[in-house]
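Colleague: Please put the model up, and then I will ask about it piece by piece.

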Amino acid sequence: MKRIFGLIALLLASYSFTFAQQQTDKAVTTETIIVKGNCGECKERIEEAAYLKGVKRAEWNKETKELTVSFRPAKVSLNQIEKSIATAGHDAGEVKASDSAYNTLPPCCAYRHEHAQTH
């Protein structure tokens with residue numbers, strides 16, 4: 001009888017751990033970071049670069065330069081998202097785009113230049 005109760009307790013504990021792990025894997029967090037850019041082309045590029053596996057929503061605001069991103073931390077980190085955006089040529093949070101990535105941007109997206117064209 002003790003073995004049966006022990007087995008039942010073990011199964012319940014195992015199920016509880018598995019359920020808790022599944023809930024953690026599905027947890028979504030939302031963060032806002034500053035991403036440099038100027039125009040609608042920037043918006044498309046930034047949002048596309050942010051959509052890594054585990055990202056549920058990415059929306060960049062041209063006026064505030066803020067990217068609001070909702071993601072599953074169990075699948076992707078904020079730093080990975082920032083690095084992906086920087087690879088596309090945009091400074092994102094603490095991650096700066098390399099000069100070579102930045103130099104691939106069209107003139108209207110040249111946010112480091114004081115007189116960049118915007119549209």
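Colleague: In which strand is Trp60 found?
Modeller: This is a predicted model, in which local features need pLDDT of at least 70, side-chain atom pairs count only at pLDDT 80 or more, and totals for chains, interfaces and linings use all residues. Residues are numbered from 1 along each chain as its sequence is written, and side-chain values use heavy atoms, with hydrogens and water left out. Helices (H or I, at least four residues) and strands (E, at least two) are DSSP runs, numbered from the N terminus. By that scheme, Trp60 is found in strand E2.

Colleague: Is Trp60 buried or exposed?
Modeller: Buried means under 20% relative accessible area, exposed means over 50%, and partly exposed is in between, with a 1.4 Å probe and protein chains only. The relative accessible area of Trp60 is 2%, so Trp60 is buried.

Colleague: What is the C-alpha separation of Trp60 and Gly37?
Modeller: Contact means heavy atoms within 4.5 Å. Leaving aside neighbours within four places in sequence, Trp60 is in contact with several residues, including Val35, Gly37, Cys42, Ile46 and Leu67. Trp60 and Gly37 are 23 residues apart along the chain, and their C-alpha atoms are separated by 9.4 Å.

Colleague: How does Glu59 count in relative accessibility: buried, exposed or partly exposed?
Modeller: Glu59 also has its place in strand E2. Not counting residues up to four places away in sequence, Glu59 touches Lys43, Glu47, Glu66, Leu67 and Thr68. Its relative accessibility is 42%, so Glu59 counts as partly exposed.

Colleague: At what angle do the axes of helix H2 and helix H3 cross?
Modeller: Axes are lines fitted to C-alpha atoms, for helices over the stretch in contact, and angles run from 0 to 180 degrees between N-to-C directions. The axes of helix H2 (residues 40-50) and helix H3 (residues 78-87) come within 8 Å, and they cross at roughly 140°.

Colleague: Which word describes how H2 and H3 lie to each other?
Modeller: Angles under 35 degrees count as roughly parallel, over 145 as roughly antiparallel, 65 to 115 as roughly perpendicular and the rest as oblique. H2 and H3 are therefore oblique.

Colleague: Which residues of H2 and H3 make the contact?
Modeller: In this contact, the residues divide into 5 nonpolar, 1 polar and no charged. Ala, Val, Leu, Ile, Met, Phe, Trp, Tyr, Cys and Pro count as nonpolar, Asp, Glu, Lys and Arg as charged, and the others, Gly among them, as polar. H3 brings Ile81, Ser84 and Ile85, and H2 brings Ile46, Ala49 and Ala50.

Colleague: What is the value of phi of Lys65?
Modeller: Lys65 lies in the loop between E2 and E3. Lys65 counts as partly exposed, because its relative accessibility is 24%. Most residues other than glycine have a negative phi. Lys65 has a positive value, near 65°.

Colleague: Which pattern does the protein chain follow along the sequence?
Modeller: The protein chain holds 4 helices and 3 strands. Of its 119 residues, 31% are buried. Read along the sequence, the pattern is α-β-α-β-β-α-α.
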